[in-house]
Amino acid sequence: MHNDIVNPPLFSKDAAFDLLYPDHIKELSQMHWTPVNIAKEAGEFLAAPGARVLDIGSGVGKFCIVAGFLHPETTFCGIEQRRELFTFAEIAKEEVSLPNVSFIHGNLTELNFKDYDHFYFYNAFYENIEPGSRIDYSVRTSFQLYDYYSRFVFKMLDEKPAGTRLVTFHGTERQVPPSYQLVDNSYSSVLKMWLKK
Ligand SMILES: C[S@@+](CC[C@H](N)C(=O)[O-])C[C@H]1O[C@@H](n2cnc3c(N)ncnc32)[C@H](O)[C@@H]1O
């Protein structure tokens with residue numbers, strides 16, 4: 001099969017994919033959104049027919065859209081606290097037309113993790129402890145929120161059954177419960193694949 005059919009230009013390069021977004025969102029891509037190659041590798045690990053994957057803090061939806069395109073038999077859902085980013089994720093999803101991808105506008109603490117099987121986590125809370133990495137000023141950030149969100153996700157992940165898969169990108173090991181075993185890593189270990197024992 002011709003490579004463009006399996007992997008059309010949109011899903012080959014970040015510069016091409018980011019054309020789905022307006023300029024001010026594109027400018028945030030390098031620092032805040034998952035690169036296409038990372039999304040492909042993470043999606044490969046998390047996808048399974050009928051499985052429901054959650055992106056914890058989905059931004060403009062890059063991970064879910066790339067992984068969802070390549071794995072139509074898996075459901076990818078993202079939750080995002082910033083309305084503007086959620087709206088751009090929805091617009092991009094419509095553009096690509098992916099029935100297995102959805103986004104929720106809200107705080108991840110409102111979610112029931114029982115509704116999802118596997119998880120993707122791109123260090124979503126970092127801007128709470130590193131002001132220089134703030135996306136914008138539309139939400140409150142603080143050390144307390146970093147702690148609160150990290151503890152919430154830790155507990156939710158710890159309560160999941162054996163066999164749950166998790167991918168962390170630029171995460172810290174302290175955010176992952178010891179019940180998860182590191183099974184693979186790449187990109188100089190910034191991308192890590194975990195399996196719940
Ligand atoms: C580093 S970005 C990653 C975006 C996306 N996962 C990707 O890989 O392209 C982290 C996102 O998490 C969102 N976020 C942080 N804390 C959140 C919370 N408590 N509830 C929902 N979204 C949150 C931020 O607004 C930001 O858009």
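How far is the sulfur of Cys-64 from the closest cysteine sulfur? Select Cys-64 and Cys-77: the gap between the sulfur of Cys-64 and that of Cys-77 is 6.8 Å, too far for a bond. A disulfide is counted when a pair of cysteine sulfur atoms lies within 2.5 Å, and by this rule there are 0 disulfides. Cys-64 is buried, at 0% relative accessible area, and Cys-77 is also buried, at 5%. Buried means under 20% relative accessible area, exposed over 50%, and partly exposed in between (1.4 Å probe, protein chains only).

This is a predicted model, in which local features need pLDDT of at least 70, side-chain atom pairs count only at pLDDT 80 or more, and totals for chains, interfaces and linings use all residues. Residues are numbered from 1 along each chain as its sequence is written, and side-chain values use heavy atoms, with hydrogens and water left out.

Next, select Phe-17, Tyr-21, Phe-63 and Tyr-120. They are among the residues with the most contacts inside the largest nonpolar core, which has 38 residues. Such a core is a set of buried Ala, Val, Leu, Ile, Met, Phe, Trp, Tyr and Cys residues joined through side-chain atoms within 4.5 Å. A second, separate core of 22 residues includes Ile-79 and Tyr-146.

Finally, select the ligand. Of the 22 residues around the ligand (a heavy atom within 4 Å), those that come nearest include Thr-34, Asp-55 and Glu-80. A polar side-chain atom of Thr-34 is 2.2 Å from a ligand oxygen atom. For Asp-55, a polar side-chain atom lies 2.9 Å from a nitrogen atom of the ligand.

Note on methods
A polar contact is a pair of N or O atoms within 3.5 Å; within protein, one must be able to donate a hydrogen and the other to accept it, and residues adjacent in sequence count only if both atoms are side-chain atoms.
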